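Trainee: Could we go through this entry together? I would like to begin with the annotated part.

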Amino acid sequence: MPVSTNSQGLPVWRRRTTRAQWLQYLAWLAGVSLFLLCWKMISDNTMWVFVEDAGRQGADLISRMTPPEWGYANVLWKPMWDTINIATLGTAIGIIMAFPVAFMAARNTTPHPLVRSAALMIIVSSRSINSLIWAMLLVTILGPGVLAGIIAIALRSIGFVGKLLYEAIEEIHPTPVEAISATGASRLQVMNYGVLPQIMPAFAGISVYRWDINIRESTVLGLVGAGGIGLQLNASINSLAWDQVSVIFIMIFATVLVSEWVSARVRHAII
Amino acid sequence: MSERADMTRVQTRQQAAQRGQWRRLPLIENPRLRWGLAIGAVIYLVLALASVEVNWARVAEGAGRAVNFLGAFMQPDFISRYDDIVAGLLESLTMTLTSTVVGVLLAIPVGLGAARNISPLPIYFICRAIIAVSRTFQEIIIAILFVVMFGFGPLAGMITLAFATIGFMAKLLAEDIEDLDWRQVEAVRATGASWWQTMNHAVQPQVMPRLIGLSVYRLDINFRESSVIGIVGAGGIGATLNTSLSRYEYDTSAAILLIIIAIVLLCEYSSSHVRRWTQ
């Protein structure tokens, strides 16, 4: 109990010992100084003249964006369809690839610890690299287009789906698995009848959730040339047609809201 | 479904199993919905695959580059662009830290406002609208707007990430507050505490562990995002990576990617530690 005495020699309750109190002050001091140091680096690299102007620029931007050029929406249906395709096909391919990876990464289904670390490596590298970076990479390899976007989304989804799925596999009940293997089932049959039914709801939920995220991500892949509505966005921004940009924003907003609603409904139905 | 129908279904399944015709239960119970979904999925796949245009000649041409790129991963080049990489990384890291701090500080009032059980209806709607806008748009789209407003450089990136952090943190914080143990709030209120004191002594202790965990998680996300918003001129390692990729200097890009992966791993490892320590 951290107790100290007051001037009359009576014990006084305190929340922390002197040592803990000092340590806390020091931690705060270190944190605040680190923040200020970082802030100074940023402020050194900033042209403050531009920042002073920001309010006027923002107002100017809004005045250029309104009213939206609604007629432009007719041009956007095909790119929007492409965007949805990128997200959906990318998710599908990602799931197909993530499935074996998750089984190899789960502690209870992996064939060998070495395989497990390789699978974990795949998951980590796929997760840490943003889909836009994957897209940049694939655009230089496959050329600009929807295909690069689909594969970028797929590669990014492997890590996400794989991680959540292998955690689900590690949390299954061992009893059905033991029951199935007691009947003399082969390894594949144990997976099929013992493990798979237990992870199916989690799997469906994860897939739909990832699809929802992928819809958001695929709207911007076009900025680096990987197809979809981002291409139109990039073109409109480069030609400073801000009234078209606002139409695109509204379409993205609507699509994301719909996909979020669908994903919430499906997940609600499953759980 | 009624209990009796369930019983007969179980019996028919058992009889089928005794005849050796056991089938597992389907994932979707309603057959019409099941087949409808399957047929819909096939039709969609055909339509979608038909609309994907692939330039196979270009793909074949790129295959050599893919091999080069994989080769570059075996021999990443950290040296020749050392200065650019270090400058980009430092910028990314400073942006990550400042944006997380600022974002979390701003997310706390928004999160309080977006919790239905402690805020009045008008404030609730305003805060929910802020969250919806901040969550719908990708960081990179917000970055484009802020770059126009604040000029090129890390400040635009920092503001972007802080804005995205607000949506993420405020939503989760609001959900956490909505789930909180109401008895403690009532107990503190019964002592005659003001609104401010109620927040400080009844709400804050309950949400603090999760708030710290989420902040650390967000730090991790912000670092990953800071590696891409450089593409549109908002500072950070993304600009360096983009340049190296478009110049086909794959060994440098591989080095940058490896550094990003390493830092994300480090972040994840330490964040799981922090979360275990706070909970």
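Mentor: Over residues 80–263 of chain A, the chain is 83% helix and 0% strand, and the end C-alpha atoms lie 18 Å apart. Helices (H or I, at least four residues) and strands (E, at least two) are DSSP runs, numbered from the N terminus. This is a predicted model: local features need pLDDT of at least 70 and side-chain atom pairs pLDDT 80 or more, whereas totals for chains, interfaces and linings use all residues. Residues are numbered from 1 along each chain as its sequence is written, and chains are lettered from A and ligands numbered from 1 in the order written.

Trainee: What does UniProt list for residues 80–263 of chain A?

Mentor: The unreviewed UniProt entry lists "domain: ABC transmembrane type-1" there; such annotations may be inferred rather than shown by experiment.

Trainee: And which domains does the assignment give for chain A?

Mentor: Domain 1 covers 3–46 and domain 2 covers 75–270, with bounds from an automatic or database assignment. Their centres, taken over C-alpha atoms, are 44 Å apart.

Trainee: Turning to chain B, how many helices and strands are there?

Mentor: Chain B has eleven helices and zero strands. Its radius of gyration (over C-alpha atoms) is 26 Å, well over the 19 Å from the globule rule for 279 residues, so chain B is more spread out than a compact globule. That rule is 2.2 Å times the number of residues to the power 0.38.

Trainee: What does its C-alpha trace span along the principal axes?

Mentor: The trace of chain B spans about 75 × 70 × 35 Å.
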